[in-house]
Amino acid sequence: MIRFIEDKDEKRKISREVLEALKEWFEVDESREQYIRESADQPFWAAYENDVPAGFLCLKETGKETMELAVMGVKKDFHRHGFGRKLFAAAKAYASVNGYDFIQVKTVRSGVYEDYDITNEFYKSLGFKELEVFEEYWDAANPCQIYVMSLKSAIETMKARHSYRGAFVQEPVPREDLIAIANAGINAPSGCNKQTTELVIVDDKEMLEKIKALIDPPVAKTAPAMIVVLSKRINAYRDKCFATQDYSAAIENMLLAIVELGYQSCWYEGHITDDDRICDRIAEVLGVPGDLGVVCILPVGKALEDFKVPPKKAFEERVSFNRFGEK
Ligand SMILES: Cc1cc2nc3c(=O)[nH]c(=O)nc-3n(C[C@H](O)[C@H](O)[C@H](O)COP(=O)(O)O)c2cc1C
């Protein structure tokens with residue numbers, strides 16, 4: 001069980017309990033006390049087993065685009081229970097959702113102390129890459145290895161994307177970001193390159209209100225911008241129409257671009273194309289010509305709330321190797 005801790009006293013209590021149990025790694029009183037003090041003001045996650053704190057992790061902003069894994073510890077009795085990985089996954093998701101591009105972590109480089117060799121292997125197994133060793137950063141006996149991880153690879157962005165249905169921060173989305181998102185959409189593949197998907201970016205307050213007023217029950221009520229996805233149902237070849245595949249590829253590209261730029265969204269299609277045909281009324285308000293239909297709306301904005309991660313079936317349930325059902 002991983003919990004995000006906000007209470008400062010609780011943070012100090014947990015970090016003290018864990019770090020004092022890990023003196024092999026945190027033996028210098030002064031620096032251990034500094035970690036404990038600083039943890040109170042940092043994003044902080046604790047891992048629990050039967051309500052007993054097993055470990056914790058703190059992040060610290062070291063640059064506008066970079067978070068540092070400031071300190072992390074798991075009590076020895078709880079090593080190899082997967083807590084380190086779970087703590088890191090929670091911290092990484094937080095950094096990614098909050099628009100950071102990199103996570104860095106510092107440790108004593110491999111080949112100096114056995115305990116730290118294990119730490120190096122752990123960071124590498126999480127996906128950290130060696131950036132540089134600074135021999136004198138701490139002191140000559142403790143050469144500092146800096147590891148870095150990009151949060152902006154396509155695969156990381158896919159892992160970070162989840163449907164967001166909460167409230168949005170009330171600030172406009174810059175046009176350059178909306179253009180980057182729309183470009184991601186129109187650069188998607190399309191059957192026979194027919195490019196059947198078109199978009200209307202809505203960031204005008206009055207127009208946004210008109211569209212939101214049509215959506216009942218309401219969704220994306222507080223979104224500061226929206227991308228309305230239009231589709232032209234023409235045949236790509238013979239009687240084959242790939243318009244649905246075309247706009248699906250465009251939507252997924254845009255959802256990924258939205259997350260990569262630090263915003264959140266949700267693919268609202270079912271809700272607006274249902275029997276009450278909200279999509280047709282949106283098309284009318286936007287002046288969409290008759291050969292195009294509104295198929296989806298994507299709100300765009302910064303998240304004000306946490307999002308819920310829906311359960312997904314296990315990999316083995318959905319993926320086989322070489323022959324259906326083979327692991
Ligand atoms: C074709 C399609 C239609 C969707 N329509 C809606 C919708 O009308 N309302 C909604 O809240 N979510 C809608 N979604 C989002 C799905 O509910 C969501 O992707 C799914 O629950 C998995 O969650 P995830 O996106 O967080 O992985 C739609 C998704 C797809 C692909």
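A crossing is left-handed if the near helix is turned anticlockwise from the far one by less than a right angle, and right-handed if clockwise. I start my notes with that convention.

**Ground rules.** I am working on a predicted model, where local features need pLDDT of at least 70, side-chain atom pairs count only at pLDDT 80 or more, and totals for chains, interfaces and linings use all residues. Residue numbers run from 1 along each chain as its sequence is written.

**Overall layout.** I looked up the domains and found domain 1 (2-152) and domain 2 (161-300). Their bounds come from an automatic or database domain assignment. Taken over C-alpha atoms, the two centres are 40 Å apart.

**H1 and H2.** Helices (H or I, at least four residues) and strands (E, at least two) are DSSP runs, numbered from the N terminus. I checked helix H1 (residues 8-20) against helix H2 (residues 29-39): the packing angle is about 155° and the axes are 8 Å apart. Axes here are lines fitted to C-alpha atoms, for helices over the stretch in contact, and angles run from 0 to 180 degrees between N-to-C directions. H1 and H2 are therefore roughly antiparallel. For that wording, angles under 35 degrees count as roughly parallel, over 145 as roughly antiparallel, 65 to 115 as roughly perpendicular and the rest as oblique. H1 and H2 cross in the right-handed sense.

I then listed the contacts (C-beta atoms, placed from the backbone, within 7 Å). H1 brings Lys11, Arg12, Ser15, Arg16 and Leu19, and H2 brings Arg32, Tyr35, Ile36 and Ser39. I sorted the residues of this contact into three nonpolar, two polar and four charged. In this scheme Ala, Val, Leu, Ile, Met, Phe, Trp, Tyr, Cys and Pro count as nonpolar, Asp, Glu, Lys and Arg as charged, and the others, Gly among them, as polar.

**H6 and H8.** Next I took helix H6 (residues 175-186) and helix H8 (residues 243-260), which pack at about 150° with axes 7 Å apart. H6 and H8 are therefore roughly antiparallel. Their crossing is right-handed. On H6 I noted Ala180, Ile181, Ala184, Gly185 and Ile186, which meet Ala250, Asn253, Met254, Leu256, Ala257 and Ile258 on H8. The contact of H6 with H8 has nine nonpolar, two polar and no charged residues.

**H7 and H9.** Helix H7 (residues 205-214) and helix H9 (residues 278-286) cross at roughly 160°, and their axes come within 9 Å. Lys210, Ile211 and Leu214 of H7 make the contact with Ile278, Arg281, Ile282 and Val285 of H9. I counted five nonpolar, no polar and two charged residues in the contact of H7 with H9.

**Ligand shell.** Around the ligand I found His162, Ser163, Arg165, Cys266, Trp267, Tyr268, Glu269, Gly270, His271 and Pro310. The cut-off is a C-beta atom, placed from the backbone, within 6 Å. The shell divides into four nonpolar, four polar and two charged residues.

Most residues other than glycine have a negative phi, and most peptide bonds are trans. I looked for exceptions. The bond from Asp216 to Pro217 is cis, with omega near -5°. Pro217 sits in the loop between H7 and strand E9 (225-231). Arg238 has a positive phi, near 40°. I placed Arg238 in the loop between E9 and H8.

Notes. Two residues are in contact if their C-beta atoms, placed from the backbone, lie within 7 Å.
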